[in-house]
Amino acid sequence: MWYYEKKLQYPVRVSTCSPHLAKFLIEQYGGADGELSAALRYLNQRYSIPDKVVGLLTDIGTEEFAHLEMIATMVYKLTKDATPEQMDAAGLGAHYSNHEKALYYENAAGGAWTATYIAAKGDPIADLYEDIAAEEKARATYQWIINLSDDPDLNDGLKYLREREIIHSQRFREAVEILKEERDRQLYF
């Protein structure tokens, strides 16, 4: 079904060890509006979406897994050389005591990922509006992390991810219009 190329969708570089920035990025790893939640949301919703747009949810859902891999790489690179004291000073002491430096699906506040982050109403237009909101929230989060970061290498990857959120939002908006047109067409006899 997929061809796996052993490289990231976009190169990930960081300039320096920074558990502080990693703490913020963890939000996009296991937070409500992060990449895992988006991937699972879209791949789940595709089963109740009309054939005209089902491919869109499949494509974007699988791309979100590529973004999850990028975030994981960023967090790993930002923390791999950190001491326990640096992890604690960055607010990751509880994470360190539970997982050392292993990646774990949690948000920036340390709350574990939960399936309640996944929205699925079963109404295709309602679900697509939820997807648009999710992409816009992710875009905003990436922008805020960029605002907090002084690492130009990291910011390059974050800007790429932010731009992909914009593209996804646009594609979901187009899908809404396709489905509205189809729905309205069915109302005429």
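**Reading a predicted model**

Analyst: Glutamate 64 counts as buried, because its relative accessibility is 0% and the cut-off for buried is under 20%. Bear in mind that this is a predicted model.

User: Where is glutamate 64 placed, and which residues is it in contact with, leaving aside neighbours within four places in sequence?

Analyst: Glutamate 64 belongs to helix H3, residues 51-79. Beyond those neighbours, its contacts are Glu35, Ala38, Ala39, Tyr42, Glu135, Glu165 and His168.

User: At what angle do H2 and H6 pack, and how far apart are their axes?

Analyst: Two packed helices are described by the angle between their axes and the distance between the axes. Here helix H2 (residues 35-45) packs with helix H6 (residues 124-148) at about 165 degrees, the axes being 11 Å apart. Angles over 145 degrees count as roughly antiparallel, so H2 is roughly antiparallel to H6. Their crossing is left-handed.

User: Which residues make the contact?

Analyst: H2 contributes Glu35, Arg41, Tyr42 and Gln45, and H6 contributes Asp127, Glu130, Asp131, Ala134, Glu135 and Tyr142. By class, the contact of H2 with H6 has 3 nonpolar, 1 polar and 6 charged residues.

User: How many aromatic pairs are found in the whole structure?

Analyst: The search finds 4. One of them, tyrosine 10 with tyrosine 160, is stacked, at 4.3 Å centre to centre with 10 degrees between the planes. The partners are 150 residues apart: tyrosine 10 lies in the segment before helix H1 (19-30), and tyrosine 160 in helix H7 (residues 152-186). Tyrosine 10 is partly exposed, at 23% relative accessible area.

How values were computed:
Residues are numbered from 1 along each chain as its sequence is written. This is a predicted model: local features need pLDDT of at least 70, side-chain atom pairs count only at pLDDT 80 or more; totals for chains, interfaces and linings use all residues. Side-chain values use heavy atoms; hydrogens and water are left out. Axes are lines fitted to C-alpha atoms, for helices over the stretch in contact, and angles run from 0 to 180 degrees between N-to-C directions. Helices (H or I, at least four residues) and strands (E, at least two) are DSSP runs, numbered from the N terminus. Angles under 35 degrees count as roughly parallel, over 145 as roughly antiparallel, 65 to 115 as roughly perpendicular and the rest as oblique. A crossing is left-handed if the near helix is turned anticlockwise from the far one by less than a right angle, and right-handed if clockwise. Contact means heavy atoms within 4.5 Å. Ala, Val, Leu, Ile, Met, Phe, Trp, Tyr, Cys and Pro count as nonpolar, Asp, Glu, Lys and Arg as charged, and the others, Gly among them, as polar. Rings of Phe, Tyr and Trp (its six-membered ring) pair if their centres lie within 6.5 Å; planes under 30 degrees apart count as stacked, over 60 as edge-to-face and the rest as tilted. Buried means under 20% relative accessible area, exposed over 50%, partly exposed in between (1.4 Å probe, protein chains only).
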